[in-house]
Amino acid sequence: MSLIWAYPMTSVSTIAHPEKVYIDLISLIVWLAENGLIHGDFNEFNLMIDDEEKITLIDFPQMVSTDHQRAIEFFNWDINCIWIYFEWKYGLIHE
């Protein structure tokens with residue numbers, strides 16, 4: 001474990017490049033799944049962002065394997081949490 005200089009995403013009022021951060025977050029969810037893991041609670045409360053908009057994911061106790069019987073449900077949950085947050089907070093429309 002190490003100290004990171006970042007802020008909880010919930011305490012950040014604005015992001016300069018929300019589209020890029022959104023894509024980075026979705027890419028992180030997919031990367032985890034490609035490596036056999038589903039976070040299961042991927043949302044703004046478990047994300048830290050620094051001044052360069054680099055993301056750090058925290059809080060792993062609920063993480064499950066992609067072999068878990070509910071993995072697809074948890075994966076979709078993670079995607080939807082980020083989708084809804086960025087739609088609400090930054091007005092991003094998803095197609």
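Among contacts (heavy atoms within 4.5 Å) in the protein between residues at least 6 apart in sequence, 69% join residues at least 24 apart. This is a predicted model, where local features need pLDDT of at least 70, side-chain atom pairs count only at pLDDT 80 or more, and totals for chains, interfaces and linings use all residues. Residues are numbered from 1 along each chain as its sequence is written, and side-chain values use heavy atoms, with hydrogens and water left out.

**Fold**
- You'll find two helices and five strands here, taken as DSSP runs (helices H or I, at least four residues; strands E, at least two) numbered from the N terminus.
- Starting at the N terminus, the order is β-α-β-β-β-β-α.

**Size and surface**
- The C-alpha trace spans about 40 × 40 × 20 Å along its principal axes.
- Of the 95 residues, 39% are buried (under 20% relative accessible area, with exposed over 50% and partly exposed in between; 1.4 Å probe, protein chains only).

**Around P8**
- P8 sits in strand β1, residues 7–8, and is partly exposed at a relative accessible area of 36%.
- Leaving aside residues up to four places away in sequence, P8 touches L47 and M48.
- P8 and L47 are 39 residues apart along the chain, yet their C-alpha atoms are separated by 6.0 Å.
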